[in-house]
Amino acid sequence: MKTIRIGIIGCGKISCVQHVERFMKKDAAGKSEIVAVYDIKTARAKQCLEANQTSAKICQSLEELLAEPIDAVVIATPNDTHCPIALQAIAAGKHVFVEKPMASSVAEAEKMIRAAEAKGVVLLVDQSFRYMALYQAVKKELDKGAIGNIIHAHCIRTGGSTPNLTWSPGANWYVQKKHAGGVIFDHAVHMADVLQWLVGPIKTVQSTSRTHGMQAIIHSMSLFDFANGATGVLEHAWNFPTGITKIEIYGDKGMILFPEVMRAEFYRKGEDKPYKILSGRVDTTINTSKQTETATVVKPVPTAQETFLKAVAAKKSGMWNEGRQAIAVCEAILKATEGKKPVPVKYHKEK
Ligand SMILES: NC(=O)c1ccc[n+]([C@@H]2O[C@H](COP(=O)([O-])OP(=O)(O)OC[C@H]3O[C@@H](n4cnc5c(N)ncnc54)[C@H](O)[C@@H]3O)[C@@H](O)[C@H]2O)c1
């Protein structure tokens with residue numbers, strides 16, 4: 001298979017800890033190499049390559065990077081820059097792997113889709129949960145009717161501080177509205193997408209939120225009416241004392257509980273012990289305060305990066321749908337918050 005040549009745009013935290021390493025893997029589903037990198041702060045590009053013991057050309061501008069012999073770009077910059085950078089890369093004929101959130105509005109996402117379709121390039125959004133083996137396994141169980149018809153879902157994801165203090169120190173765009181920062185585009189973009197993937201499309205959203213003195217929303221609560229009649233609650237906060245992620249999905253025959261990100265427990269109606277536990281972890285034994293339980297570890301699935309390389313190699317376009325759906329819910333949450341009334345979710349309609 002031909003080696004796919006990659007240019008990385010934005011060499012901050014996520015590129016350093018994930019993209020550079022994954023796109024340098026020679027044993028990935030498709031082979032790739034990083035040819036060039038660009039960051040508005042050149043020192044970060046240098047640090048990122050050094051941290052990954054990788055060499056590539058460090059470019060001084062986006063134009064310089066796009067002129068390099070590359071097939072595809074990875075966009076890992078602040079959220080408000082995803083759309084303009086993607087449009088420039090697509091115009092230059094490059095395939096695009098863009099971090100979530102795909103864009104900062106449905107209108108921007110649509111522009112990117114139209115441009116990518118016109119050029120025939122791949123446009124894949126890194127909606128990470130879609131590439132996690134555990135969530136794919138739970139989706140299969142739900143489709144087989146493991147808990148019957150879904151009637152309600154609840155997800156809470158919190159953090160003890162904002163990402164500019166812990167995840168990427170100094171990345172203040174994470175809490176600035178002008179950069180499409182805040183908990184909606186950072187966390188709801190994942191968890192609302194998980195809910196609409198596992199439960200079904202969301203018809204309308206009601207929402208309320210707080211900024212707690214920041215420039216972007218850092219605490220939000222949303223109510224979902226799903227098209228299949230189910231209800232849902234989604235809560236996010238970066239100002240709580242602890243960080244947790246917990247999901248509950250209730251059906252008419254049972255419920256699924258994710259007590260944490262990488263573990264799912266299946267309960268039948270009327271039984272208080274799980275009849276099945278799946279884990280996305282490498283270890284098979286999970287210690288709880290009461291007992292030691294053995295969980296079935298789900299087999300690894302292709303990463304987002306491997307999926308992208310495969311799509312590029314196969315010249316397959318149209319990979320944007322999951323990112324587009326996630327933006328539709330984020331936009332509805334923001335509009336519902338502002339207007340204080342229910343807002344329909346604008347899913348993509350085939351023309
Ligand atoms: N999929 C996931 O789970 C996941 C996890 C973390 C971050 N992300 C996303 O990845 C993106 C980057 O996040 P991060 O945590 O690495 O942020 P970061 O602030 O650590 O890194 C962003 C980098 O982009 C650079 N930059 C800013 N504007 C630029 C421009 N116009 N051109 C080139 N470089 C520019 C900055 O100098 C910085 O080095 C965000 O969109 C974020 O939402 C996704």
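Q: Let's begin with the overall layout. What domains does the assignment give for the protein?
A: The domain assignment lists domain 1 (4–127 + 303–318) and domain 2 (130–301 + 335–343). Keep in mind that this is a predicted model.

Q: How many Å separate the centres of domain 1 and domain 2?
A: The centres, taken over C-alpha atoms, are separated by 27 Å. In the contact there are 12 residues from domain 1 and 14 residues from domain 2.

Q: And which classes are on the side of domain 1 that touches domain 2?
A: That side of domain 1 has 6 polar residues, along with 3 nonpolar and 3 charged.

Q: OK, on to the ligand. Where does it lie relative to the two domains?
A: It lies between them, because domain 1 and domain 2 both give residues to the shell around the ligand.

Q: How many residues surround the ligand, and which are the closest?
A: The ligand is surrounded by 24 residues, and the closest are G10, G12, E99, S168 and A171.

Q: Which helix gives the most to that shell?
A: Helix 1 (residues 13–23) does, with 3 residues.

Q: What's the class make-up of the shell?
A: The shell has 8 nonpolar, 8 polar and 8 charged residues.

Q: Changing topic: helix 8. Why is helix 8 called largely enclosed by the rest of the structure?
A: Helix 8 (residues 304–313) has 7 of its 10 residues buried, so the rest of the structure largely encloses it. The buried ones are A304, Q305, T307, F308, L309, A311 and V312.

Q: What covers those buried residues of helix 8?
A: The cover includes helix 1 and several strands, among them strand 1 (4–9), strand 2 (32–38) and strand 4 (72–75). Strand 5 (95–99) and strand 6 (123–126) are also included.

Q: Take L309 in helix 8. Why does L309 count as buried?
A: L309 has 30 C-beta neighbours inside 10 Å, so it counts as buried.

Q: What happens just after helix 8?
A: K315 takes a positive phi of about 50 degrees there, and it is a residue other than glycine. K315 sits in the loop between helix 8 and helix 9 (321–339). With 10 C-beta neighbours inside 10 Å, K315 counts as exposed.

Q: Which other residue has a positive phi although it is not a glycine?
A: Q53 is one, with a phi of about 45 degrees. You'll find Q53 in the loop between helix 2 (42–51) and strand 3 (57–59). Q53 counts as exposed, because it has 9 C-beta neighbours inside 10 Å.

Q: Why point these out at all?
A: Most residues other than glycine have a negative phi, and most peptide bonds are trans.

Q: Speaking of peptide bonds, which one is cis?
A: The bond from K100 to P101 is cis, with omega near -10 degrees. P101 is in the loop between strand 5 and helix 5.

Q: Nice, helix 5 was next on my list. At what angle do helix 4 and helix 5 pack?
A: Helix 4 (residues 82–91) and helix 5 (residues 106–119) pack at about 10 degrees, and their axes are 10 Å apart. That makes the two helices roughly parallel.

Q: Which residues meet there?
A: From helix 4 there are C83, A86, L87 and I90, and from helix 5 there are E108, K111, M112, A115, A116 and K119. By class, the contact has 7 nonpolar residues, 3 charged and no polar.

Q: And how do the axes of helix 6 and helix 7 cross?
A: Helix 6 (residues 133–143) and helix 7 (residues 183–198) have axes that cross at roughly 30 degrees and come within 10 Å. Helix 6 is therefore roughly parallel to helix 7. Y135, V138, K139 and L142 of helix 6 make the contact with V194, W197 and L198 of helix 7. This contact has 6 nonpolar, no polar and 1 charged residues.

Q: Last one: is N149 buried or exposed?
A: N149 counts as exposed, because it has 11 C-beta neighbours inside 10 Å. N149 lies in the loop between helix 6 and strand 7 (150–158). Leaving aside neighbours within four places in sequence, N149 is in contact with G251 and D252. The C-alpha atoms of N149 and D252 are separated by 5.5 Å.

Notes:
Residues are numbered from 1 along each chain as its sequence is written. This is a predicted model: local features need pLDDT of at least 70, side-chain atom pairs count only at pLDDT 80 or more; totals for chains, interfaces and linings use all residues. A residue is near a molecule or strand if its C-beta atom, placed from the backbone, lies within 6 Å of it. Helices (H or I, at least four residues) and strands (E, at least two) are DSSP runs, numbered from the N terminus. Ala, Val, Leu, Ile, Met, Phe, Trp, Tyr, Cys and Pro count as nonpolar, Asp, Glu, Lys and Arg as charged, and the others, Gly among them, as polar. Domain bounds come from an automatic or database domain assignment. A residue is buried if 20 or more other C-beta atoms lie within 10 Å of its own, exposed if 12 or fewer, and partly exposed in between; C-beta atoms are placed from the backbone. Two residues are in contact if their C-beta atoms, placed from the backbone, lie within 7 Å. Axes are lines fitted to C-alpha atoms, for helices over the stretch in contact, and angles run from 0 to 180 degrees between N-to-C directions. Angles under 35 degrees count as roughly parallel, over 145 as roughly antiparallel, 65 to 115 as roughly perpendicular and the rest as oblique.
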